Amino acid sequence: MIDVQSLTMTYRRRIQCGQRWGIPRYRWEMVHALHEVSFQCLPGTVTAYLGHNGAGKSTTIKALCGILRPTSGQVCVNGFVPSRREHDFLQSIGVMFGQRNQLMWELPLMDSLDVIRVQYGLNKGEFLDTLAELDSLFRFGEILHTPVRNLSLGQRMLGNLAATLLHRPRVLLLDEPTIGLDVESKASLRRVISAFRQKSCTILLATHDLQEAEMLADQILILDHGRLLFGGSIAEFRRLHRNSVVIQARLETPVSELDMADAELSQDGRIITIHTDPERVATRVAELLRMYRIRDLKIGETPLETLLREELKAFVSAD
Ligand SMILES: Nc1ncnc2c1ncn2[C@@H]1O[C@H](COP(=O)(O)OP(=O)(O)O)[C@@H](O)[C@H]1O
Ligand SMILES: [Mg+2]
């Protein structure tokens, strides 16, 4: 269980401001990375943490695992205050930063995992049981016996994830684990996340991948410039949005321009796209049928990515 109340994080950054007699001069600047952020993540759920670069996702994860102490506010993970870094707390969390490697470069993956086993004080039996279970999700194959330096990016991510899961954490914090990965590695990660959710693990996944969020998340948190814009389910997010339905009409004959202000026309002039409210779908379809000769019509949900882009745009203009 993760409970965050009014979390505020401020960094001090040193900025060079000119020189004097050839010696650089500096001043300190405050960076407000998080401002009064509050949310909860429950056991057995996946929370997708979404936001642009610099929104404050990694800072939150660092506060949750105790690397950083909050400037103000409270953070509670599994009943512990993370910044105290107590032994039982550290045994109960697993953290993975997507672009960092915690494996030993020259050793086969299996040896690295064995070192981590010793660090966490796991006996050989437990270790082999967990490894067998992870193998059914990861399908390790040869990679367990390959030196880490010879693994592909995707295989290394799986190795790092295995290292994060060996001690069976109850809270899993993943910071952009799939950045730059192929489809197969992403599918493995999804299998692992679903399996750990079933075991009542609390999972927080910072990601840029909205498809991943859509597939996995019970809850989404949308962060922008250190402020939480939305916290709730994807269905709730869609309900809040005016344009949560997309209508696409393919025309019998292409047109060069449209008589509808809020519709988009594809470059070849054949497809009209309208984003609209669920209650206005029938009216809009009737309008389309009256004005154009339609070959086929598709009605679906607006992709999360489009809604999120609109949400962030609306927030910027309201600022
Ligand atoms: N060690 C640091 N010192 C100063 N500023 C930092 C530091 N780490 C992050 N920041 C700043 O805090 C803000 C949030 O960063 P971060 O949490 O890494 O965002 P995200 O993970 O969403 O991309 C950014 O403006 C970033 O430049
Ligand atoms: Mg980050």
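Guide: Helices here are DSSP runs of H or I with at least four residues, strands are runs of E with at least two, and both are numbered from the N terminus. The model is predicted, so local features are given only at pLDDT of at least 70 and side-chain atom pairs only at pLDDT 80 or more, whereas totals for chains, interfaces and linings use all residues. Residues are numbered from 1 along each chain as its sequence is written, chains are lettered from A and ligands numbered from 1 in the order in which they are written, and side-chain values use heavy atoms, without hydrogens and water.

Directly after α6 comes Ser-200, with a positive phi near 65°.

Which residues of α6 are buried? They are Ser-185, Ala-187, Ser-188, Leu-189, Val-192, Ile-193, Ala-195, Phe-196 and Arg-197. Buried means under 20% relative accessible area, exposed over 50%, and partly exposed in between, with a 1.4 Å probe and protein chains only. These buried residues pack against β3 (46–50), α4, α5, β6 (171–175), β7 (202–207) and α7 (210–216), where contact means heavy atoms within 4.5 Å.

Two of these neighbours, α4 and α5, also meet one another. Two packed helices are described by the angle between their axes and the distance between the axes. For α4 and α5, the axes come within 11 Å and cross at roughly 145°; axes are lines fitted to C-alpha atoms, for helices over the stretch in contact, and angles run from 0 to 180 degrees between N-to-C directions. From α4, Thr-130, Leu-134 and Phe-138 touch Leu-158, Leu-161, Ala-162 and Leu-165 of α5. The residues of this contact comprise six nonpolar, one polar and no charged (Ala, Val, Leu, Ile, Met, Phe, Trp, Tyr, Cys and Pro count as nonpolar, Asp, Glu, Lys and Arg as charged, and the others, Gly among them, as polar).

The loop between α4 (124–138) and α5 (153–165) holds Arg-139. Arg-139 is not a glycine, yet has a positive phi of about 55°. Arg-139 counts as exposed because its relative accessibility is 56%.
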